[in-house]
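This briefing goes through one protein model, topic by topic. Please keep the sequence and the 3D view open while reading.

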Amino acid sequence: EDLKTAMKEKDSFKRDTIRFLMSAIKQVEVDSQKELSDGDIVKIIQKSVKQRDESAIQYKEAGREDLYEKET
């Protein structure tokens with residue numbers, strides 16, 4: 001429902017974020033061949049946030065302000 005709402009409101013940031021997380025969750029489900037619990041999903045979200053933070057730091061250090069802004 002959140003994805004539909006974001007699409008209707010033309011909120012590309014929210015739409016892309018939801019799609020990214022749905023993809024990450026689906027990939028883990030396929031790899032592990034089991035349905036994930038809420039705790040598992042929270043761990044995936046935390047891992048994704050950590051990866052984005054690390055990417056933002058690397059972009060900042062490399063002087064890529066455009067990519068840094070996008071990540072943050």
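What is the volume of the largest pocket? The model is a predicted one, and in it the largest pocket has a volume of about 380 Å³. The protein has four helices and zero strands.

**Overall form**

- Counted from the N terminus, the elements run α-α-α-α. The radius of gyration is 14 Å, well over the 11 Å that the globule rule gives for 72 residues, so the protein is more spread out than a compact globule.
- Taken along the principal axes, the box filled by the C-alpha atoms is roughly 40 × 30 × 15 Å.
- Of the 72 residues in the protein, 12% are buried.
- The accessible surface amounts to about 6,000 Å², and carbon and sulfur atoms account for 51% of that surface.
- When contacts between residues at least 6 apart in sequence are considered, 15% of them join residues at least 24 apart.

**The largest pocket**

- The lining of the largest pocket consists of 13 residues. Those that lie nearest the centre of the pocket are Phe-13, Thr-17, Arg-52, Lys-70 and Glu-71.
- Which helices each supply at least two residues of the lining? They are α2 (12–32), α3 and α4 (65–71).
- Helix α2 gives the most to the lining, with six residues.
- By residue class, the lining divides into five nonpolar, three polar and five charged residues.

**Buried positions in the helices**

- Ser-48 belongs to helix α3, which covers residues 38–61. Is Ser-48 buried or exposed? Ser-48 has a relative accessible area of 6%, under the 20% cut-off, and therefore counts as buried.
- With neighbours within four places in sequence left aside, the contacts of Ser-48 are Phe-20, Leu-21 and Ala-24.
- Ile-18 sits in helix α2. Its relative accessible area is 19%, and because the cut-off for buried is under 20%, Ile-18 is classed as buried.
- Which residues does Ile-18 contact, leaving aside its neighbours within four places in sequence? The contacts of Ile-18 are Asp-2 and Leu-3.
- Ile-18 and Leu-3 are 15 residues apart in sequence, and their C-alpha atoms are 6.4 Å apart in space.

**Partly exposed positions**

- Lys-14 is a residue of helix α2. The relative accessible area of Lys-14 is 34%, so this residue is partly exposed, a class that lies between 20% and 50%.
- Lys-14 and Asp-2 are twelve residues apart along the chain, with 8.6 Å between their C-alpha atoms.
- Val-42 is located in helix α3. With a relative accessible area of 42%, Val-42 is partly exposed.
- Arg-64 is placed in the loop between α3 and α4. A relative accessible area of 39% makes Arg-64 partly exposed.
- Arg-64 and Gln-27 are 37 residues apart in sequence, and the C-alpha to C-alpha distance is 29 Å.

**Loop residues with positive phi**

- Lys-10 is part of the loop between α1 (2–8) and α2. Its phi is positive, about 60°, although Lys-10 is not a glycine.
- Why does Lys-10 count as exposed? The relative accessibility of Lys-10 is 72%, and exposed means over 50%, so Lys-10 falls in that class.
- Gln-33 is found in the loop between α2 and α3. Gln-33, a residue other than glycine, has a positive phi near 55°.
- The relative accessible area of Gln-33 is 73%, and Gln-33 is therefore exposed by the cut-off of over 50%.

Terms used. Residues are numbered from 1 along each chain as its sequence is written. This is a predicted model: local features need pLDDT of at least 70, side-chain atom pairs count only at pLDDT 80 or more; totals for chains, interfaces and linings use all residues. Side-chain values use heavy atoms; hydrogens and water are left out. Buried means under 20% relative accessible area, exposed over 50%, partly exposed in between (1.4 Å probe, protein chains only). Contact means heavy atoms within 4.5 Å. On a 1 Å grid over the protein atoms alone, a cavity is a set of points where a 1.4 Å probe fits but cannot get out, and a pocket is an open set with protein on both sides within 12 Å along at least five of seven lines; lining residues have an atom within 4 Å of a point. Grid points are joined across faces, edges and corners, and a volume is the space filled by probe spheres set on the points. Ala, Val, Leu, Ile, Met, Phe, Trp, Tyr, Cys and Pro count as nonpolar, Asp, Glu, Lys and Arg as charged, and the others, Gly among them, as polar. The radius of gyration is taken over C-alpha atoms; the globule rule is 2.2 Å times the number of residues to the power 0.38. Accessible areas come from the Shrake-Rupley method with a 1.4 Å probe; for residues, only the protein chains shown count as cover.
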